[in-house]
Amino acid sequence: MDALLQFLFSGLTVGAVYALVALGFTIIYNASDVVNFAQGEFVMLGGMITVFTYQAGLPLPLAAVVAILVTSALGVALNKLAIEPARGAPVVSLIIITIGASIVIRGATQLIFDKQLHRFPSFSGDDPIHVLGATILPQSLWVIGGALAVFVGLWVFFTRTLTGKAVLATANNRVAAQLVGINTGWVMTLSFGLSAAIGAFAGVLVTPITLVGYDVGVALALKGFAAAMLGGMGNPKGALVGGLLLGCFEALTAGYLSSQYKEAVAFIVILAVLFVMPQGLFGSKSTERV
Amino acid sequence: MTGRNKWISLGVLAVLIALLPLFFPSGYYYRVGALIFVNALSVVGLVILIGYAGQISLGHAGFAGIGAYACALAPEHLGLHPALALVLGAVVSGVMAALIGKPILRLKGYYLAVATLGFGILVSMVLTNERALTGGPDGMNVADLGLRSLLRDMGWRLSGGEFWYMICGVVLLVGAWLALNLFDSPSGRAMRALHGSEVAASTVGVDVPRQKLRAFVISAVYASVAGSLLALQNGYITPDVAGFMHSVEMVTMAVLGGVGSVLGATFGAAILTLLPQVLTVFAEYEQLVLGLVMVLVMIFLPQGLLPSIARRLKGRDE
């Protein structure tokens, strides 16, 4: 029982990061129908930039804010430079563009910074907290709390604010949104900026636990993508639940079956869900127009 | 595409393969050429899947991995001749594609992408983790095909590079010929019809799931044979052959050259295979340049390089 709780703690921590990546996917997908494979690089950038600004002498909170702002600006640039010029391109082209962009970001990071693994101190120390015979790191609570806070913030944003509704309207039908006076270009900019900021935030939160290097983004993008799919693409609730579930599946597999195949089980679960529910757990059914 | 165009495409390809060695300054270029042909072969398979049938796969490196490890494992454990191991790999890949294709080809767009991606990652994970069998991430040796020494006994001396250049060139030609035949066959027409609209295709009697599955299985066999040839010519194989980045490279090659055409696929494979060779001087910048090429071509030449260039040339004639 203690072991189970321990596995669930670590699963929820990792799952919260997947959930944040998946939420980032969801925002961009909602606004533009693009799955942004560079989402994992935002997480990496959040961690890397914080590490280097912190080492340069900035206090940690300020370094984190700088990292989130810079990453957010890069997200906007990605939209302006690579996604907008290719509007209307087929899915395959968009996949290649965002994967290409992620390779560019990785290549540039490795040139500007380095190829080492880095970390900075945890926010509230490294003394594990004992809960019912299991332990959890204070930083894990930061990660889980951060994911929940972002989710609630997004929920309020999408359902209670005019801007959030404008994003949903753009997702639903771009032309109709333009007709009722929504500036869809601004919505796209906002979505990419917000999504990149959330990614960077995840990077800041998780770096003290998992460390950061220039190449950690690929795996995170794949897992986040899988989590978003598991929950149902484009649904924030699905992204959160999908991420947390995926994290727990992985942790339980690693604990009880085989740590080598923990990632395999994640993909097997996703394949199974897609077979049974092709729209994911919370996705809505769609029909094809001729 | 008319019948004449088919023979022109094949003719151009054959002439290129036959004449290029005249310009090779050293034996090293035969190696690079053979690598281009192997990559082009798997990309021709993707042209059938993506270009004809309009389906996407981010997991085809998985099939290349099956083909490659069939050639590494079957001679050692089953005592099969490497050439038969290639056939075995192709059969296993085809059966595997048929089994997983049936449920996942109901999915569309990004959902299909993640399902195929999941399959590819599972294959590469098995190859990486089953150390006892596959040697893990370090890879394993692959037995020699034995054909070159046979030719030598018959008095035809070829270097390793020359030999594999010929073999891969011939296999690519055969693969391209089959793909071009498929284009105008009833199956090929059905695939292209469902690419346009599945609903419309099914109302005129196209068995959509069946044709999608056919395209998927055929492309898997292409990838598998390419993987086998790669393993045989290198004499060594690592799980990277089945990795996610290899799948991405394959799709990029297909779209880069122009996903509708077999010649374009070869062209895309050539560029993406040559790029790292050229960039070894600037190893630091390799990733950066590769990524930029992917993004810029997709933005400015969305049809792919070859069709865009062809249109530019035609425009100038008029």
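The contact takes 36 residues from chain A and 35 residues from chain B, two residues being in contact if their C-beta atoms, placed from the backbone, lie within 7 Å. On the side of chain A that touches chain B, at least two residues each are supplied by helix 4 (91–112), helix 9 (217–231) and helix 11 (262–276) of chain A. Helices (H or I, at least four residues) and strands (E, at least two) are DSSP runs numbered from the N terminus. Helix 4 of chain A provides the largest share of this side, 15 residues. By class, the side of chain A that touches chain B comprises 29 nonpolar, four polar and three charged residues; Ala, Val, Leu, Ile, Met, Phe, Trp, Tyr, Cys and Pro count as nonpolar, Asp, Glu, Lys and Arg as charged, and the others, Gly among them, as polar.

The model is predicted: local features need pLDDT of at least 70 and side-chain atom pairs count only at pLDDT 80 or more, whereas totals for chains, interfaces and linings use all residues. Residues are numbered from 1 along each chain as its sequence is written, and chains are lettered from A and ligands numbered from 1 in the order in which they are written.

Most residues other than glycine have a negative phi. A:Asp33, not a glycine, has a positive phi of about 60° and is found in the loop between helix 1 (2–32) and helix 2 (39–55) of chain A. A:Asp33 counts as partly exposed because it has 16 C-beta neighbours inside 10 Å; a residue is buried if 20 or more other C-beta atoms, placed from the backbone, lie within 10 Å of its own, exposed if 12 or fewer, and partly exposed in between. A:Leu132 also has a positive phi, near 50°, and lies in the loop between strand 1 (129–131) and strand 2 (134–136) of chain A. With 9 C-beta neighbours inside 10 Å, A:Leu132 is classed as exposed.
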